[in-house]
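Here are my notes on this one, set down as numbered points. Have the structure open while you read.

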Amino acid sequence: QVTLEESGGGLVQAGASLRLSCVASGRTFSSYTMGWFRQAPGKEREFVASIRWSGSSTYLGDSVRGRFTISRDNAKNTVYLRMNSLKPEDTAVYYCAAGSGISPLVPLYWGQGTQVTVSS
């Protein structure tokens with residue numbers, strides 16, 4: 001069992017940066033692929049980024065590639081999403097996920113989500 005808790009969301013202006021964090025509880029954190037999804041109002045949940053347990057491989061969705069990076073610190077049971085050059089269309093609830101695979105990431109566990117709002 002893995003419990004995930006996100007933090008770091010907020011309200012920012014277009015062009016700003018944010019870093020989301022996701023802390024996992026559970027002894028097997030390092031064995032899971034971790035990732036981020038997002039869901040905007042009225043839209044389906046969208047894949048954002050994933051990272052293998054070793055950190056050796058990452059995968060980013062087309063809409064964020066070149067602006068977002070994902071990283072993890074297995075010693076801290078934490079995965080990060082660094083978001084640069086934010087756009088209003090990045091506004092969404094961002095969810096942390098733990099699962100298998102990388103592209104696609106198949107989530108087994110979800111966090112509660114953190115709101116990111118980007119104003120124009």
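1. First, the caveat: this is a predicted model.

2. A compact globule of 120 residues would have a radius of gyration near 14 Å, and the protein chain comes out at 13 Å, which agrees. Along the principal axes, the C-alpha atoms fill a box of roughly 40 × 25 × 25 Å. Of the 120 residues, 42% count as buried. As for the contacts, take those between residues at least 6 apart in sequence: 56% of them join residues at least 24 apart.

3. Now the open sheet. Which strands form it, and in what order? There are 4 of them, arranged E1-E3-E8-E7, with antiparallel pairing. The edge strands are E1 (residues 3-7) and E7, each of which pairs on one side only. From one strand to the next, the twist averages 15°.

4. Going into the pairings, E1 and E3 are antiparallel over 5 bridges.

5. Have a look at the two faces of E1. Leu4 and Glu6 make up the covered face, while Thr3, Glu5 and Ser7 are on the uncovered one. Leu4 turns up again in the core: it is among the residues there that touch the most other members.

6. What does the largest nonpolar core draw on? It has 30 residues, and Leu4, Met34, Trp36, Leu81, Met83 and Tyr94 are the ones touching the most other members. The elements giving two or more residues to this core are E3 (18-25), E4, E5 (46-51), E7 (68-73), E8 (78-83), E9 (92-100) and E11 (114-119).

7. Leaving out residues up to four places away in sequence, Leu81 touches Leu18, Arg19, Leu20, Trp36, Val48, Ala49, Phe68, Thr69, Ile70 and Tyr94. Two of these, Trp36 and Tyr94, are also named with Leu81 among the core residues that touch the most other members.

8. Then there is Arg38, which I'd check by eye. This residue is in strand E4 (residues 33-39). Is Arg38 buried or exposed? Its relative accessible area is 6%, so it counts as buried, the cut-off being under 20%.

9. What does the side chain of Arg38 make polar contacts with? One partner is the side chain of Ser63, at 3.2 Å, and another is the side chain of Asp90, at 2.9 Å. Setting aside neighbours within four places in sequence, Arg38 is in contact with Glu44, Arg45, Glu46, Val48, Ser63, Val64, Phe68, Glu89, Asp90, Ala92, Val93 and Tyr94. Val48, Phe68 and Tyr94 from that list are also touched by Leu81.

Definitions and conventions: Residues are numbered from 1 along each chain as its sequence is written. This is a predicted model: local features need pLDDT of at least 70, side-chain atom pairs count only at pLDDT 80 or more; totals for chains, interfaces and linings use all residues. Side-chain values use heavy atoms; hydrogens and water are left out. Buried means under 20% relative accessible area, exposed over 50%, partly exposed in between (1.4 Å probe, protein chains only). A polar contact is a pair of N or O atoms within 3.5 Å; within protein, one must be able to donate a hydrogen and the other to accept it, and residues adjacent in sequence count only if both atoms are side-chain atoms. Contact means heavy atoms within 4.5 Å. A nonpolar core is a set of buried Ala, Val, Leu, Ile, Met, Phe, Trp, Tyr and Cys residues joined through side-chain atoms within 4.5 Å. Two strands pair if DSSP finds at least two bridges between them. Axes are lines fitted to C-alpha atoms, for helices over the stretch in contact, and angles run from 0 to 180 degrees between N-to-C directions. The radius of gyration is taken over C-alpha atoms; the globule rule is 2.2 Å times the number of residues to the power 0.38.
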